[in-house]
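Please keep the sequence and the model open while reading.

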Amino acid sequence: MDKIAVTGGKPLNGTIPVSGSKNACLPLMAASLLTDQVFSLTNVPDLADIGTLSALLRSLGATVTHDAQNSRLDLHFARISSPLAHYDIVRKMRASILVLGPMLARDGAGTVSLPGGCAIGARPVDLHLKGLQAMGATLDLRDGYVHATVPRSVNGGRLRGVSFRFPFVSVGATENLMMAATLAKGTTRLVNAAQEPEIVDLARCLSGMGAHIEGAGTSTIEIEGVDALSGTEHKVIADRIELGSFMIAPAITGGDVTLANADMSLVGALAEALDAADVSISDTPDGIRVVRKNGTIKPVSIITEPFPGYATDLQAQMMALMTLADGISTIEERIFENRFMHVPELARMGAKIDINGGVATVTGVDSLRGAPVMATDLRASISLVLAGLAAEGETVVSRVYHLDRGYERVEEKLRACGAQIERIQGAD
Ligand code: UD1
């Protein structure tokens with residue numbers, strides 16, 4: 001397993017190109033199940049999760065060509081030859097559940113392993129299943145699998161449009177039902193839908209395939225089902241979590257970094273928080289510029305919320321920054337119940353953090369010290385790298401396979417700005 005070694009204390013200066021969004025790309029890839037024509041994505045990040053979903057789609061019958069050099073992915077489901085998403089792949093990545101809606105929509109049948117629990121909480125998929133049931137699917141939960149079919153009595157085996165209200169906001173469930181609804185008979189109305197930029201990107205892609213969708217990016221989305229969808233070529237939006245993580249890098253080390261290919265509308269809540277911390281953020285023709293020169297970091301309190309609120313996927317990174325703030329800040333996690341696993345690791349580096357339920361109270365310290373630490377999940381891993389960039393001495397982050405799920409060429413991008421960071425391949 002690889003490790004990453006960081007020697008801290010160097011301010012960062014330069015430009016970091018932001019890659020295409022992993023979280024947008026995964027549902028987009030699942031949308032390829034909705035057409036028998038070639039479906040192409042550009043600006044695709046070269047990440048482990050993209051490989052995992054590619055393997056799953058291949059196992060369902062897709063021809064997949066990934067041209068990593070050109071960030072391009074071509075997917076072709078002439079037919080869904082084997083509509084079974086096996087546990088061996090689903091257990092690696094929860095987003096695999098996103099194939100269920102499209103399979104049901106296209107062929108009226110699909111079997112998907114239930115994703116297990118994961119490190120950051122229970123994360124059930126009940127909303128995905130309830131929504132599909134409301135659209136006429138019959139579900140049989142057996143042997144750890146969801147066996148789903150649309151009975152012939154329902155429109156001859158075709159999902160039906162419904163009005164479905166989410167009791168709380170779920171990004172994945174909104175995506176799954178939106179895709180399912182594109183080929184359903186009649187109109188579907190999703191109320192209290194997620195408004196994340198990844199939802200808007202998916203709607204744009206589906207519309208390019210001939211789907212009729214209105215309201216994506218608001219809390220009510222209306223989808224009028226059509227008989228068939230065509231292939232398309234779609235450019236994936238920038239990764240707002242990678243962007244946000246790298247915005248925090250010069251904030252924690254000091255320096256002057258521009259994030260290229262990025263758009264401020266993707267990170268409004270983070271930009272506000274950084275501004276409150278006294279980090280300068282500006283929109284320039286070259287990208288988002290983040291500057292911190294010498295001054296202290298002010299404490300800022302945040303609460304994680306669905307978009308456009310502060311993203312849970314940027315919570316651990318902000319905590320790393322707050323460990324060095326001049327005062328006390330609070331960080332409240334409202335999306336996932338167990339997303340503070342980075343706290344004991346940050347504490348190993350000298351951070352002072354108390355957890356009480358879903359609230360972490362961070363008392364800023366003058367400096368962090370490098371230490372061996374362990375990555376526990378994707379976003380926790382980058383928070384440890386960020387802390388390492390600011391700490392005195394060397395930090396070695398183990399289990400970086402978590403990091404590799406979501407950050408493309410992280411060492412290379414940070415090194416180009418002057419960071420002292422290296423991958424130690426195959427260490428223990
Ligand atoms: C997506 C993102 C993830 C991000 C999260 C919240 C992808 C691939 N992943 O995950 O990076 O952290 O949004 O912004 O895009 N829930 C249920 N039942 C369900 C579905 C969700 O109880 O059927 C709960 C979850 O446990 C969680 C909350 O709803 O507490 C939000 O989850 P959701 O928005 O669905 O997250 P994901 O789509 O899994």
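Predicted model: local features only at pLDDT ≥ 70, side-chain atom pairs only at ≥ 80, totals over all residues.

Residues are numbered from 1 along each chain as its sequence is written, and side-chain values use heavy atoms, with hydrogens and water left out.

**The ligand shell**

The ligand is surrounded by 18 residues, a residue being counted when one of its heavy atoms lies within 4 Å of the molecule. The closest of them are Asp126, Ser170, Gly172, Asp313 and Ile335. By residue class the shell divides into eight nonpolar, five polar and five charged residues, where Ala, Val, Leu, Ile, Met, Phe, Trp, Tyr, Cys and Pro count as nonpolar, Asp, Glu, Lys and Arg as charged, and the others, Gly among them, as polar.

Domain 1 (3–19 + 238–424) and domain 2 (22–235) each contribute at least three residues to this shell, the bounds coming from an automatic or database domain assignment. Helices α5 (126–134) and α6 (171–182) each supply at least two shell residues, and α5 gives the most, with three; helices (H or I, at least four residues) and strands (E, at least two) are DSSP runs numbered from the N terminus.

| Protein side | Ligand side | Distance |
|---|---|---|
| Ser170, side-chain N or O atom | oxygen atom | 2.6 Å |
| Val171, polar backbone atom | oxygen atom | 2.7 Å |
| Asn23, polar side-chain atom | oxygen atom | 3.0 Å |

Taken alone the ligand exposes 740 Å², of which the protein buries 85%; these accessible areas come from the Shrake-Rupley method with a 1.4 Å probe.

**Two open sheets**

Strands of a sheet pair through backbone hydrogen bonds, either parallel or antiparallel. Here two strands are taken to pair if DSSP finds at least two bridges between them.

Strand β2 runs parallel to β15 (residues 255–260) and is joined to it by six bridges, with Leu12 partnered by Gly255.

Three bridges join β12 to β13 (residues 220–224) in an antiparallel arrangement, in which Ile213 has Ile223 as its bridge partner.

Notes. Polar contact = N/O pair within 3.5 Å; in protein donor to acceptor, adjacent residues only side chain to side chain.
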